[in-house]
Amino acid sequence: MTPPKLALHHARQLGTLAGLLLLVTVLAILSPHFLTPGNLLTVLEQTAINAIIAVGMTFVIISAGIDLAVGSVLALAGIVLGLLLQAGVPVPVALLLTVGAGGLCGSVNGLLVTLGRLPPFIATLGMMSMARGAALLLTQGRPISGFDSGFRTLATGQWLHLPAPTLIMLGVYAAAHFLLTRTRFGLYTYAMGGNEQATHLAGINVPFHKTAIYMLSGCTSAVAAIVLTARLNSAQPIAGIAYELDAIAATVIGGTSLMGGQGTLVGTLIGALIMGVLKNGLNLLGVSSFLQQIIIGGVIIAAVLFDTLVKQRRS
Amino acid sequence: MNPITAPPPYVGAYSRPRFRPESEAPGLESLARHPGWGLVGLALLLGLVTVGCDRAGAPASAESSRTRVALVMKTLNSPFFLDMKRGAEEAARELGVELVAQAPERELDVEKQMQIVENLIQTRVDALCLTPSGSKELVPVVGKANRAGIPVLIVDTRLDEATVQADGVRYVSFIGSDNYEGGKLAGQHVASLFPQPAQIAILEGIPGHETHDSRIRGFRDGLAGSPHLKIVASQPANAERDQGFNVMQNLLQAHRDIAAVFASNDLMALGALEAVSAAGRAGTIKILGFDATDEAREAIAAGRLEASVAQNPTAMGRLAVTKAVEALRGGTLPKSIPVSIELITNPRGQ
């Protein structure tokens with residue numbers, strides 16, 4: 001049950017890792033503030049939200065789909081969480097219901113893609129707008145703020161010096177990595193992305209598994225919403241705008257092919273770290289936010305461009 | 001249910017290259033040919049570009065022993081914050097301190113602003129001037145600055161006092177003008193323009209944000225003494241120019257007799273101005289903005305825009321840096337430092 005092209009996955013991951021290490025080296029030389037324990041922990045904390053969203057995105061993209069709704073689903077899940085906590089629902093129950101709400105949005109995406117036969121781009125574009133609207137409608141546009149300190153330990157807590165968002169991120173990656181590499185569900189995810197018709201002919205229930213993949217993406221967005229809400233001590237209906245782009249970027253920098261059938265979560269995690277390190281480093285160096293956008297865009301394009309070029313050369 | 005309707009040529013599909021097992025091991029040779037190295041090269045290149053820009057732009061090395069004052073704004077896509085930055089730069093030059101001015105790309109991006117502050121704390125700036133993009137949301141990160149021993153000055157937008165109390169967070173001073181008073185000035189001006197019954201519309205900023213909310217509250221209170229003036233619509237346009245245009249277009253469809261519009265910033269007011277012109281009704285509707293940006297001042301001088309509330313962001317930026325340095329040198333500052341506010345109108349038009 002190993003995913004296809006295992007060796008290539010490793011090579012690609014090592015390449016991405018080398019990219020990350022070099023970026024770290026360059027920034028360590030440029031800024032004396034970069035390679036300090038405090039700053040590295042800050043990067044890990046800041047990367048958590050994007051990295052968690054990118055887990056669901058990786059599953060979706062490996063299955064040859066796309067999920068543009070993650071940012072809006074994050075906002076809606078955050079609002080659901082905020083309303084539940086405000087209503088005095090116990091934290092564990094509120095967290096479960098929040099993940100459920102995210103999963104529900106994701107399932108709708110999945111059903112639209114499978115039963116409705118909509119292109120994923122369109123289905124999730126629609127959900128992107130609907131979830132955002134629902135978040136704004138539920139709150140009349142106003143953020144929900146002020147939660148008790150117990151809930152906020154999800155952002156402020158520490159264990160072995162690691163900030164809570166980082167721990168949550170690592171937990172999500174461990175579970176998702178197991179799911180993707182050690183279960184039938186993971187194998188089917190690769191299979192559907194590689195060749196949907198063949199997967200179907202092999203007797204696998206494609207609509208069911210595909211819907212589950214979009215549901216998973218909704219769930220990871222909701223987990224990210226939990227972290228973000230705890231971090232800001234506020235649930236914002238306008239949170240997560242353009243987060244889908246960061247998640248897609250982390251995924252493709254990590255070597256997942258937009259054509260489907262290939263990709264790993266380790267790669268995605270490194271991709272998310274590259275994005276996080278780059279943003280942090282550019283901040284430390286005082287680079288203007290305008291130039292930062294150009295540099296980040298350049299990195300995304302370059303990562304995918306090199307993949308494409310190498311594939312061409314191999315074939 | 002079967003998702004596949006027309007069976008494609010499966011045989012061909014099976015032999016697609018990406019399903020062929022890859023025997024190649026990740027040896028050194030394969031790595032050397034690998035895309036990851038492209039990333040590496042790119043990272044290096046970008047690093048060099050970055051340094052080039054950084055060093056060329058700021059002759060003083062970032063690591064000098066000079067006092068470093070950070071100014072974190074809501075965004076730099078708006079003339080208001082560019083003016084604030086300019087004022088801060090002037091003050092920094094005169095005082096011989098180094099200014100680090102940063103902002104997220106989008107005004108709504110609370111989390112990104114939080115990240116910028118966290119990163120600046122890591123560079124151990126000596127003082128932090130912050131224009132919070134969320135009155136409650138930025139309180140936790142101000143707490144982080146407190147723990148790092150960095151004095152914080154709040155500029156332009158107030159922090160939510162209840163949250164500040166609840167979190168036990170401290171800041172040295174608030175430097176800014178009273179948005180409520182500014183809105184009230186605009187409201188009173190509209191009241192003076194229309195002795196007869198008239199319909200008024202409001203373009204709101206970002207819902208739930210203190211700055212815009214207090215401007216709107218002030219405006220409504222400014223109209224309070226004139227019951228013949230009716231607010232027929234109050235719609236959010238997210239403080240953006242294109243939204244101001246679109247929302248105004250929609251309002252014109254719904255309410256043909258609008259006589260005046262108050263927008264809680266100039267970008268929305270200028271957007272609304274274009275929408276009114278596009279509808280062929282230029283000059284028939286009085287539009288008031290807030291911030292008195294250069295472009296708004298020009299439009300006022302040309303008689304196209306009725307008025308705008310001037311907040312003087314340049315003075316805010318200047319005061320922020322000056323007061324931060326004062327605080328660092330052991331001075332005690334008042335909890336609130338007011339910046340003057342006035343209504344800019346076209347005297348010839350009156």
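Reply: Let's start with a term: the domain bounds used here come from an automatic or database domain assignment. Keep in mind, too, that this is a predicted model.

For chain B, that assignment gives domain 1 (68–176 + 314–339) and domain 2 (179–310). The C-alpha centres of domain 1 and domain 2 of chain B lie 29 Å apart. Where the two meet, eight residues of domain 1 of chain B and nine residues of domain 2 of chain B make up the contact.

Now for the sheet itself. It's an open one with six strands, and reading across chain B you get the order β7-β6-β8-β9-β10-β12, with mixed pairing. At the edges stand β7 (229–236) and β12 (342–345) of chain B; each has a single partner strand, so one side of each is left without a neighbour in the sheet. Going from one strand to the next, the twist averages 20 degrees.

Zoom in on one pair. Strand β9 (residues 286–291) of chain B runs parallel to strand β10 (residues 307–310) of chain B, and four bridges join them.

Let's step back to the nonpolar core. The largest one has 198 residues, and the members that touch the most others are Val69(B), Cys129(B) and Ala272(B). Helix α10 (residues 206–232) of chain A gives the most to this core, namely 16 residues. From chain B, domain 1 (68–176 + 314–339) and domain 2 (179–310) each supply at least three residues to this core. Take Val69(B) as an example: leaving aside residues up to four places away in sequence, its contacts include Ala92(B), Leu99(B), Cys129(B), Val321(B) and Val325(B).

Chain A holds 13 helices and four strands. Its radius of gyration is 19 Å, close to the 20 Å that the globule rule gives for 315 residues, so chain A is as compact as a globular protein of that length. Of those 315 residues, 61% count as buried.

How values were computed: Residues are numbered from 1 along each chain as its sequence is written. Chains are lettered from A and ligands numbered from 1 in the order in which they are written. This is a predicted model: local features need pLDDT of at least 70, side-chain atom pairs count only at pLDDT 80 or more; totals for chains, interfaces and linings use all residues. Helices (H or I, at least four residues) and strands (E, at least two) are DSSP runs, numbered from the N terminus. The radius of gyration is taken over C-alpha atoms; the globule rule is 2.2 Å times the number of residues to the power 0.38. A residue is buried if 20 or more other C-beta atoms lie within 10 Å of its own, exposed if 12 or fewer, and partly exposed in between; C-beta atoms are placed from the backbone. A nonpolar core is a set of buried Ala, Val, Leu, Ile, Met, Phe, Trp, Tyr and Cys residues joined through C-beta atoms within 7 Å. Two residues are in contact if their C-beta atoms, placed from the backbone, lie within 7 Å. Two strands pair if DSSP finds at least two bridges between them. Axes are lines fitted to C-alpha atoms, for helices over the stretch in contact, and angles run from 0 to 180 degrees between N-to-C directions.
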